[in-house]
Amino acid sequence: MQLQTILNRVEYFKSFVYGKARWVEDAPRPTIEVEIQPRKNGRPICSGCGKIRPGYDRLPERRFEFVPLWGIAVFFVYAMRRVECPECGKVAEKVPWCDGKNRLTITYRWFLAGWAKRLSWQEVSCTFGTCWQSVFRSVKHAVSWGLGHRCLEGIKAIGIDEIQWQRGQKYLTLVYQIDEDCRRLLWAGKDRTAKTLLRFFRMLGKAHSDRLDFVCSDMWQPYLKVIAKKAPLAIHVLDRFHIMAKMNKAIDQVRASEAKRLEEDGYEPVLKHSRWCLLKREENLTEKQAVKLSELLQYNLQSVRSRLMREDFQRFWEYRYPACAGKFLDEWCTRAMRSKIEPMKKVAKTLRRHRELILNWFRAEGTISSGIVEGLNNKAKLTMRKAYGFRTAKAIEIALYHQLGDLPEPQFTHEFW
Ligand SMILES: [Zn+2]
């Protein structure tokens, strides 16, 4: 069997044929070059307008990298024709395997982007002997194709979240679709200002925004304002994950300052290595952490009391009716205000301020599952960790869309991976 036969099976062109194939002798790694020729009588297509135009001349040969075969790099070699187009002037022809000034064929770009979902970009570039930039461009290409071809119909529920992508208050705003049957990242944008979120609603459009039933978010004030303005018909829910995250943050503050105080006063460092045993829920503790926790319970520590308050608050989520839940919320806040623990008092004040939006959780009647935003948030964090080496918000946005966007891909006649 000849190489051309295989190529025609995996990548067939109507108006072009594969010519000679040869080894490249002095290449740094095993490399094959395959010539491409236009079919006889095949007339070139203008890359500007997509119409058949008379040929003008030919450009120097170019190499286009294709999917490697058995560890051998494969390049197509082709001298592009220029057409004389009455509308576009003298421009290069359009070829089916590549576009613009790209060095990588379209198929190879989709191949790399496919692997970049499973491996880190660094690993992909090492595995296939290409540079990091090529992997980045491939993913970018896949994302922009996917965003251009995705469907935004039928979105009922969205969750809005922020994620820190760099030290020093550098945030991205993320918007997820959180419907039962479709969970994906809809949008990512730099910063977490009102303007940021307004950009999302502009992308979504008024018609789609009006059809939203639920919007889920944390208590970040700029988001609250924009949601009230842009999705006035939806029930706005402050979700469980964000509220509990706020409480955990408070417990962490209590623990840190209490540990410092104990140390300064010369007490035993009982709070050392206690962070996770205080933050995790009982059923998630490791054996060692459980022992640590029972040890801590002997002391009358603010950290322990804060933890107990949080555990007490878990009951809140078991209510069914907003009125009963509201009564519990008020009582809990009163207890917290009397606790004399400043960070917990602050939480209580915040909860009071957002009472109505919090009770919307019960008005949504369980349509929003509790772990969903949390799950997506964890996936986003993992993606960012794997995206080691990214320096710009744009690159992180692209990585997030690629991993979490559930973006469509074109149909190929042959699957390379
Ligand atoms: Zn043209």
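Biologist: Let's start with strand pairing: which residue in S4 stands opposite Ile32?

Modeller: That's Val74. Bear in mind that this is a predicted model.

Biologist: How many residues of S2 are buried?

Modeller: Seven of the eight in strand S2 (residues 31-38), so the strand is mostly covered, given that buried means under 20% relative accessible area.

Biologist: On to the metal. How do I judge the geometry of a site?

Modeller: Compare the angles with the ideal: for four tetrahedral donors that is 109.5 degrees. In this model the zinc ion is coordinated by the SG atoms of Cys46, Cys49, Cys85 and Cys88, at 2.3 Å. The angles among the four donor atoms run from 104 to 117 degrees, and the site is tetrahedral.

Biologist: What spacing do the donors follow along the chain?

Modeller: C-x2-C-x35-C-x2-C. Cys46 sits in the loop between S2 and strand S3 (55-69), while Cys88 sits in the loop between S4 and strand S5 (89-92), so this pair ties together parts that are 42 residues apart in sequence.

Biologist: Which of those cysteines are buried and which are partly exposed?

Modeller: Cys46 is buried, at 0% relative accessible area. Cys49 counts as partly exposed at 26%, and so does Cys88 at 29%. As for disulfides, the count is zero.

Biologist: Next, a helix. What should I look for?

Modeller: An α-helix has 3.6 residues a turn, so residues three or four places apart point the same way. Helix H8 (residues 240-264) has 25 residues and reaches 36 Å from its first C-alpha to its last, close to the 36 Å expected at 1.5 Å a residue. Its buried residues include Met247, Ala250, Ile251, Val254, Arg255, Glu258 and Leu262. Just after H8, Gly266 takes a positive phi of about 80 degrees.

Biologist: Where else does a positive phi turn up, in a residue that is not a glycine?

Modeller: Asn41 has one, of about 70 degrees. This residue is found in the loop between S2 and S3, and Asn41 is exposed, with a relative accessible area of 78%. Trp70 is another non-glycine with a positive phi, near 50 degrees. Trp70 has its place in the loop between S3 and S4 and counts as exposed at 73% relative accessibility.

Biologist: Last one: how do I read a whole sheet? What is the strand order in the open sheet of five strands?

Modeller: The order is S8-S7-S6-S9-S10, with mixed pairing. The edges are strand S8 (182-190) and strand S10 (235-238), each of which pairs on one side only. From one strand to the next, the twist averages 25 degrees.

Biologist: In which sense do S6 and S9 pair?

Modeller: Strand S6 (residues 157-166) and strand S9 (residues 214-217) are parallel, over three bridges.

Technical notes
Residues numbered from 1 in each chain as written. Predicted model: local features only at pLDDT ≥ 70, side-chain atom pairs only at ≥ 80, totals over all residues. Heavy atoms only, no water. Buried < 20%, exposed > 50% of the residue type's maximum accessible area, 1.4 Å probe, protein only. Helix = DSSP H or I, 4+ residues; strand = E, 2+ residues; numbered from the N terminus. Pairing = 2+ DSSP bridges. Donors = N, O, S within 2.8 Å, 3.2 Å for Na, K, Ca; no water. Tetrahedral: all angles 85-135°; square planar, octahedral: opposite > 155°, others 65-115°. Disulfide = S-S within 2.5 Å. Expected span 1.5 Å × (residues − 1). Axes fitted to C-alpha atoms, helices over the stretch in contact; angles between N-to-C directions.
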